[in-house]
Amino acid sequence: MTTLELTDEEWRQRLTAEQYRVCRLGGTEAPFSGQYAANKQPGVYHCSCCGKTLFDAAHKFDSGTGWPSFWQTAVASSVAMHRDTSHGMSRIEVRCSDCGAHLGHVFPDGPPPTGQRYCINSVALRFEPAVSSTATAGTASSDRELDTSGLNCPLPILKAKRELLSMAAGETLHVIATDPGALADFRAFAEQTGHELLLCEAREQTFHVVLRKV
Ligand SMILES: [Zn+2]
């Protein structure tokens with residue numbers, strides 16, 4: 001698992017003032033003020049600081065609290081829990097497991113089947129709507145394919161790496177690239193993150209890499 005570590009000053013420059021206050025200083029946005037409290041669209045919620053997939057809209061419910069509420073995380077490893085005894089309360093703080101961003105708290109008064117209520121600040125999230133009614137990005141579909149061959153810029157490779165980091169264990173992703181450097185790039189990436197490299201080869205004009213999250 002890769003962890004994004006930036007200095008306080010780097011975070012301050014990268015984030016809006018409100019994002020910085022909530023995510024890096026452990027603040028809370030005013031209820032009903034965030035853009036996602038009432039969002040009912042299908043899709044995936046990412047960490048607004050580092051892009052990690054945190055929650056799926058399929059697990060969102062209307063808690064009436066004014067904050068986006070979920071009864072479970074996208075995958076168990078999405079978040080890290082910490083005991084928070086500030087403000088005279090004993091609560092469980094929820095943080096992004098990759099960059100440590102403060103997201104909100106989890107309470108044991110949620111709906112079935114988990115009984116959990118992840119009470120999350122909108123400003124800590126970035127919503128990505130599902131691409132179509134049949135696609136559910138970020139959930140456990142296997143053998144997804146990401147064709148970057150029509151795009152000659154490094155961005156699709158970064159997108160593929162972000163996808164790989166947010167996948168659940170056992171999921172595989174097939175990346176198709178036009179850049180010959182992609183093979184060495186993904187081989188090094190797999191070594192660094194512990195992904196299993198199932199395929200890494202050149203075919204005609206394109207370069208194919210299949211990685212599995214272990
Ligand atoms: Zn994060």
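Phe 32 is found in the loop between H2 and E1, where helices (H or I, at least four residues) and strands (E, at least two) are DSSP runs numbered from the N terminus. The model is predicted, so that local features need pLDDT of at least 70 and side-chain atom pairs count only at pLDDT 80 or more, while totals for chains, interfaces and linings use all residues. Residues are numbered from 1 along each chain as its sequence is written.

**Backbone geometry**

- Phe 32, although not a glycine, has a positive phi of about 65 degrees, and it counts as exposed because it has 11 C-beta neighbours inside 10 Å; a residue is exposed with 12 or fewer other C-beta atoms within 10 Å of its own, buried with 20 or more, and partly exposed in between, the C-beta atoms being placed from the backbone.
- His 87, in the loop between strand E5 (79-84) and E6, is likewise not a glycine and has a positive phi of about 55 degrees; with 7 other C-beta atoms within 10 Å, His 87 is exposed.
- Pro 112 and Pro 113 are joined by a cis peptide bond with an omega of about 10 degrees, and Pro 113 has its place in the loop between E7 and E8.
- As background, most residues other than glycine have a negative phi, and most peptide bonds are trans.

**The three-stranded sheet**

- An open sheet is formed by three strands in the order E2-E1-E9, with antiparallel pairing; two strands pair if DSSP finds at least two bridges between them.
- Strand E2 (53-56) and strand E9 (125-129) each have a single partner strand and stand at the edges, so one side of each is left without a neighbour in the sheet.
- Strand E1 (residues 43-47) is joined to E9 by five bridges, the two running antiparallel, and His 46 stands opposite Arg 126 in E9.

- Leaving aside neighbours within four places in sequence, Ala 124 is in contact (C-beta atoms, placed from the backbone, within 7 Å) with Val 22, Cys 23, Cys 47, Ser 48, Ala 101, Leu 103 and Gly 104.

Technical notes. Two residues are in contact if their C-beta atoms, placed from the backbone, lie within 7 Å.
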